[in-house]
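Open the model in your viewer and follow the stops below in order. Each stop gives a selection and then what is found there.

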Amino acid sequence: TEPLLKVKGLKKYFPIRQGVLGKVSGQVKAVDDVSFYVNEGETLGIVGESGCGKSTTGRMLMRLLEPTEGSIEFDGKLLSDLSKEEMRKARREIQMVFQDPYASLNPRHSIGKILEEPLVVHGIGDVKERKKKVNEFLEIVGLSSYHARRYPHQFSGGQRQRIGIARALMTNPKLIIADEPVSALDVSIQAQVLNLMQDLQKDLKLTYIFIAHDLGVVRHISDRVGVMYLGKMVELADSESLYSKPLHPYSKALLSAVPVPDPNFTREQILITGDIPSPSNPPAGCTFHTRCPFKMDICSKTVPVLKEVEKGHSVACHLYNEQGQQ
Ligand code: SF4
Ligand code: MG
């Protein structure tokens with residue numbers, strides 16, 4: 001069967017201006033030629049440091065941002081080809097869960113009103129049906145219907161994220177884009193929210209794109225994982241091969257920071273130094289070459305392309321050339 005979502009050659013370039021209205025003096029390649037697919041019912045994790053383009057990618061999928069180039073195909077249709085009416089429907093079917101639930105909930109609105117809003121916007125149900133659905137979804141995310149009368153400040157961080165998840169579910173979406181949904185939560189609460197999301201995925205047959213800044217968080221929830229660096233996808237693989245045999249030096253470095261549960265298993269430890277370069281002035285060739293311990297001559301000259309080197313495992317790095325050398 002066809003993937004639910006197919007993204008091809010997606011780019012988002014932002015102009016750099018001198019002053020707010022000044023002359024354009026360059027551009028930031030926030031997302032630079034990214035392609036991937038997500039099958040129905042699976043979770044694709046997208047991981048990278050801040051500024052790597054993962055949130056911008058999520059926002060383009062939500063149509064909160066217009067791509068500079070590239071195509072997004074959802075449920076067999078190109079988003080750019082949709083009529084207004086079809087776009088409204090697509091918006092119902094793709095929803096987002098945000099990093100900071102508090103910032104994304106209107107403090108002056110009751111939880112009931114917040115959860116009802118997407119139904120009102122999309123013209124779903126009458127007042128009575130909407131109220132019923134609000135109560136139903138509060139319970140689905142582990143809260144009670146009496147919470148509908150309360151306000152966001154009366155909830156803990158974990159409860160607020162449950163509310164954010166409930167809001168995303170109100171329109172019966174197929175795809176949820178979760179942008180660092182647990183990063184702002186205490187570690188003890190993170191697992192509860194992740195478990196809830198996994199249960200909901202099974203019960204409601206949801207497809208997830210789960211964005212995170214470290215590989216530890218997405219490990220258990222993801223079927224496949226993509227690693228992004230400075231606007232590019234540098235590795236894309238099923239979770240098992242990525243975690244057991246990461247290929248890209250950047251993925252290896254990210255994984256070096258994740259504790260290994262099995263003491264008999266040792267992983268190659270790669271430490272990278274230095275900060276992520278400015279996306280407005282990225283290094284030539286492989287954009288990771290300024291931090292890569294394996295840098296070769298070719299690395300600062302030629303951009304490595306993402307290619308499949310093992311079944312279902314793609315990497316963009318000159319270490320893995322046609323001969324399959326390492
Ligand atoms: Fe390192 Fe070169 Fe591979 Fe880039 S292409 S990750 S610099 S070895
Ligand atoms: Mg972000």
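Start with helix H3 (residues 111-121) and helix H4 (residues 127-140), which pack at an angle of about 120° with their axes 9 Å apart. Axes here are lines fitted to C-alpha atoms, for helices over the stretch in contact, and angles run from 0 to 180 degrees between N-to-C directions. Helices (H or I, at least four residues) and strands (E, at least two) are DSSP runs, numbered from the N terminus.

This is a predicted model, in which local features need pLDDT of at least 70 and side-chain atom pairs count only at pLDDT 80 or more, while totals for chains, interfaces and linings use all residues. Residues are numbered from 1 along each chain as its sequence is written, and chains are lettered from A and ligands numbered from 1 in the order in which they are written.

On the H3 side, select Gly 112, Leu 115, Glu 116 and Leu 119; on the H4 side, Arg 130, Lys 133, Val 134 and Phe 137. These residues make the contact, counted where C-beta atoms, placed from the backbone, lie within 7 Å. By class, the contact of H3 with H4 has 4 nonpolar, 1 polar and 3 charged residues. Ala, Val, Leu, Ile, Met, Phe, Trp, Tyr, Cys and Pro count as nonpolar, Asp, Glu, Lys and Arg as charged, and the others, Gly among them, as polar.

Next, select the open sheet of 8 strands, with the order E6-E7-E8-E3-E9-E10-E12-E11 and mixed pairing; two strands pair if DSSP finds at least two bridges between them. Strand E6 (94-97) and strand E11 (307-310) are at the edges with a single partner strand each, so one side of each has no neighbour in the sheet. Neighbouring strands are turned by 25° against each other on average, direction ignored. Helix H5 (residues 157-169) packs on this sheet, touching E6 and strand E7 (175-179), and its direction makes about 170° with that of E6.

Within that sheet, zoom to strands E9 (residues 224-229) and E10 (residues 232-238), an antiparallel pair with 6 bridges. Arg 224 has Asp 238 of E10 as its bridge partner.

Move to the open sheet of 4 strands, ordered E2-E1-E4-E5 with antiparallel pairing. Its edges are strand E2 (24-38) and strand E5 (77-78). Strand E1 (residues 5-17) pairs with strand E4 (residues 69-74) over 5 bridges, and Leu 5 is partnered by Phe 74.

Finish at ligand 1. Which of the 14 residues around ligand 1 come nearest? Select Cys 286, His 289, Cys 292, Cys 299 and Cys 317; a residue is near if its C-beta atom, placed from the backbone, lies within 6 Å. The shell has 10 nonpolar, 3 polar and 1 charged residues.

Notes: Two residues are in contact if their C-beta atoms, placed from the backbone, lie within 7 Å.
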